Structures are given as structure tokens and as C-alpha cells.
Amino acid sequence: MNESSLRELGLDLLEDRQFERALAVFAEAVRRLPADHRSRMLAARCLSELGERERAVTVYHACAEGLLRRDYLLSAMAACKLGLEMAPQERRLKDTLVRLHARAARNVTGRASVPPPLPPETLYDGKVDTDLMGLSGEELSDRAIEVLAAPDPGGTANPNDRPPLPLFADLERDAFIDLVGRMGYRSIKPEEVVSREGEATDRLHVIVAGKAEVTRQSEGEDRTLGFLGGGSIFGELSLLTGAATTATVTAVSDIEVFEIRREHLNAVAKSFPAMPQVLATFAQKRMERNLTATSPLFQPMPESERAALLQRFTFRALQPGEKVLVEGEHSPGLFLVLAGELVVQKEDPAGGTVRLGVLREGEVAGEISLLTGLRATATVVSARKTATSFLERAAFHELVKTYPHIKKYLEQLSDRRLKQIGEALRPAEIIDADELLTESGGS
Ligand SMILES: Nc1ncnc2c1ncn2[C@@H]1O[C@@H]2COP(=O)(O)O[C@H]2[C@H]1O
């Protein structure tokens with residue numbers, strides 16, 4: 001037999017539904033390398049397939065404890081979740097989740113850390129007589145559980161650290177446990193699309209392990225925007241605003257994800273009414289961070305100042321059809337689009353309305369009247385649920401005084417827009433009478 005990793009061998013056996021042999025291989029991998037939590041999880045799955053429910057739960061628990069000790073919080077949650085699926089009332093697993101929740105830092109940005117790739121010492125050398133792979137039946141199960149239930153002795157994290165666990169850590173403890181029980185956990189094969197650009201989604205994803213590519217259509221081609229790894233969260237803006245997703249996410253490797261659907265959130269919210277606000281705040285902070293990183297308004301200033309500038313804005317969620325600015329009325333302040341769409345339209349003196357444009361993420365509205373002191377040049381209405389940051393009039397004037405570059409940027413923008421208005425409303429060209437003559441054949 002070719003040399004291959006024990007885990008690969010076990011995965012092949014699992015695929016063939018040879019659960020007993022797969023158990024022997026995964027248990028042997030853990031005996032050789034107790035930190036191989038992936039093999040430990042897979043061994044638990046084999047035990048469950050073999051009908052050894054209690055032992056499977058014990059192994060999921062050992063796995064979760066080992067991962068928690070190393071601060072791999074998402075993977076520890078996955079182990080707890082799989083165990084709770086088999087034994088929803090299991091105290092040990094809930095207790096692990098409670099400690100996991102207490103360990104995580106609240107309200108911090110950054111990604112949860114995920115286990116590094118395993119070192120290659122689990123290479124299979126073909127020997128079967130000296131290890132668990134020579135056993136079967138009860139003897140195998142008894143010996144395997146000894147190995148698999150024994151805690152992984154290595155890798156204690158610094159007790160003073162508080163590792164990030166975005167979103168989950170911000171939930172109150174019991175809401176967190178409730179959500180872990182309800183949300184989905186699934187594997188995705190390479191090249192499978194997880195979420196598609198242009199489609200609204202009713203779920204957010206958290207990558208527990210693996211890598212995914214983010215692409216966007218541009219001039220008929222898929223352009224790569226970047227890659228997501230373990231700990232990445234995506235889909236929350238679309239879930240929250242109902243807006244279509246702005247990019248496609250495709251699995252590059254085998255990935256594992258938590259899938260939190262709207263129905264899961266609604267169910268948790270019944271017992272924990274603060275839950276939707278936690279998600280909204282999470283999404284809001286993230287949108288604001290994206291905005292400060294990409295909007296030309298914030299570009300020329302150092303990162304530390306960007307956050308301070310954003311503090312002056314307040315968050316405003318808009319319902320579809322809500323008018324934020326009305327042509328001919330005073331503008332209440334400046335709107336920055338965080339997610340969603342604002343339609344800009346103007347009454348046409350010739351009758352009807354003219355659509356001037358659609359404002360998306362990062363774009364501003366209301367700057368013309370604020371700068372000129374005149375009334376709004378157009379009506380701005382939200383096309384769908386839209387999230388914005390709002391700066392009221394007095395704060396706007398202070399802002400442009402403090403930051404001349406912002407004033408300059410907005411002045412140039414409003415010049416461009418006023419020009420567009422002029423062009424959009426220009427009456428149809430008057431045809432010269434001589435041309436009429438020529439066209440009628442000079443008769
Ligand atoms: N051509 C345009 N394209 C995009 N946005 C515009 C255009 N014209 C006006 N707007 C926006 O619509 C807003 C209406 O209120 P204000 O005139 O204060 O500021 C205006 C701009 O922010």
C-alpha cells in the first residue's frame with residue numbers, strides 16, 4: 001500500500017461506509033497524535049454510525065475540551081454541536097459551551113482562530129499488527145474509547161488571553177447555547193457555490209475550516225476579490241437588509257461552515273429578544289469598517305482618525321420606499337450608504353420623473369444642499385431595505401471645517417452631479433429648419 005496519511009485512509013473508508021475499519025484508523029491517528037482533533041471528530045462520527053451513541057458523545061466532548069484548551073473556539077463549538085445533536089440535554093457539552101462563551105472576548109473585531117494544518121507525522125507506514133488497526137469488534141471499541149476519551153495533553157492557551165469570537169460572544173450566554181443547538185453545520189465540496197452574487201440570502205455563514213474564494217462579475221468575467229478562511233463570517237448584510245449579495249463565494253477546498261438562517265434567529269429571538277439587536281450591531285460595525293476602508297471620504301486620513309470621524313455619524317436603517325431627501329426641501333444632513341440602494345430622481349419640467357442614478361455602498365447623498373445652503377436638488381428614496389450612516393447638518397458643517405479634504409471631495413462630487421442633472425434635463429435638440437428641407441428631399 002502506498003504511504004498516505006492515516007486520516008486520508010480513514011476518510012476513504014468512511015466514504016465506503018466501512019465504519020469499523022475507519023474507527024480503527026482514526027483512533028490510531030489520535031493515539032499517535034492526540035492533538036489530531038479532526039481524526040478525533042471523525043472517530044466520534046464512526047462510533048455514532050456504529051450505534052455507540054454514548055461513546056460518540058464522550059468523544060465529541062473530549063474533542064471540544066481539547067480544542068477549547070487551545071482556544072480554537074469555533075471548532076470546539078462544532079464538536080459540542082455534533083454531540084448535542086445526538087444528546088440534546090447532555091450536561092457536559094453545555095458546560096463546555098458555557099466555559100467557551102466565558103472565555104471569548106466581547107465586542108472585538110478580528111477572526112476567531114482556527115486549528116493550523118496538522119504536522120505530517122501521521123503518515124501511514126503500512127504496519128497494522130502493533131496498533132489499533134489490528135483490532136475489531138468490542139475489543140476495538142473498548143481500546144478506541146480509551147484513546148479517544150483521554151484529553152489531548154498539549155497546548156494550553158494563555159489564561160489571560162481573551163480570543164475573539166465575533167458575533168457569538170456578543171450574545172448573552174443562554175442565547176448563544178440556544179443558537180449553537182439550532183444552527184446548521186455542514187461540509188461543502190470544492191467548487192461548490194456557497195452564496196451567489198445578485199441573489200438575496202436568508203442565511204449567514206461562518207467558516208469553521210477550509211478556504212473559499214470571493215468573486216464578482218465584471219465585464220462578463222469573474223474577478224477574484226479575495227479569499228475567506230476559517231473564522232470568516234459572510235452573508236449577514238444580505239440577511240439583514242434583504243439586499244442581494246454583492247459577490248459570489250465558492251469553496252476552494254473542502255470547507256466546513258455554520259449556517260445561521262433567519263428561522264434560527266427568529267426562534268432564538270423568541271426567548272432572547274435582544275438577539276436581533278446583537279446581529280444588527282455586528283453588521284453595522286462591519287459595514288462601517290468596510291466603509292472607512294473603502295470610501296474616498298475616509299481615504300486620506302489615518303485609521304485611528306477614521307473611527308473617530310465615524311463616531312459623529314448615527315446609524316439609520318431605511319425601509320423600502322422611505323424618502324430621505326425631498327427635492328425642493330431642506331436637507332436634514334448627509335447620508336452615507338452602508339448597504340442597499342438609494343434611488344436619486346428628479347421631477348422633469350417636461351413631466352414625469354427622471355432617474356439620475358442609484359447610490360450604493362460607500363456613496364453619499366445630501367451634500368449639494370448642505371454645501372450650497374439651498375434646497376435639495378433631487379429626491380432620494382431607498383429602493384429596498386437600506387442601511388445608512390447619517391450626519392446631521394450642524395455636525396456636517398463642523399466636519400468640513402475640520403477636514404478640508406472632505407470639503408474638497410464633496411465639492412467636486414457635487415459639481416459632477418449638478419452637471420449630470422443639467423444633462424439629464426436638457427430639452428431635446430431643436431432641429432434646424434434647413435435640415436427638415438433636406439430630409440424632405442429638397443422639394
Ligand atoms: N446625478 C446624480 N447622481 C447621483 N446623485 C445625485 C445626482 N444628483 C443629485 N444627487 C444626490 O441627490 C441629493 C439630493 O439632495 P442634495 O441636493 O442635497 O444632494 C443630492 C445628491 O447627493
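The largest cavity in this predicted model holds about 30 Å³ of space.

In an unreviewed entry, UniProt lists "domain: Cyclic nucleotide-binding" for residues 167-268 and for residues 297-417. In the model, residues 167-268 are 23% helix and 42% strand, and the C-alpha atoms at the two ends of this span lie 14 Å apart. Residues 297-417 are 32% helix and 34% strand, with 16 Å between the end C-alpha atoms.

A further element to trace is an open sheet of four strands, in the order S10-S15-S12-S13 and with antiparallel pairing. Strand S10 (323-325) and strand S13 (353-359) each have a single partner strand and therefore stand at the edges, so that one side of each is left without a neighbour in the sheet. On average, and with direction ignored, neighbouring strands of this sheet are turned by 30° against each other.

S10 and strand S15 (residues 379-382) pair in the antiparallel sense over two bridges. Within this pairing, Lys323 stands opposite Val381 in S15.

Technical notes
Residues numbered from 1 in each chain as written. Predicted model: local features only at pLDDT ≥ 70, side-chain atom pairs only at ≥ 80, totals over all residues. Heavy atoms only, no water. 1 Å grid on protein atoms, 1.4 Å probe; cavity = no way out; pocket = protein on both sides within 12 Å on 5 of 7 lines; lining within 4 Å. Points joined across faces, edges and corners; volume = space filled by probe spheres on them. UniProt positions renumbered as here; feature names shortened; annotations may be inferred. Pairing = 2+ DSSP bridges. Axes fitted to C-alpha atoms, helices over the stretch in contact; angles between N-to-C directions.
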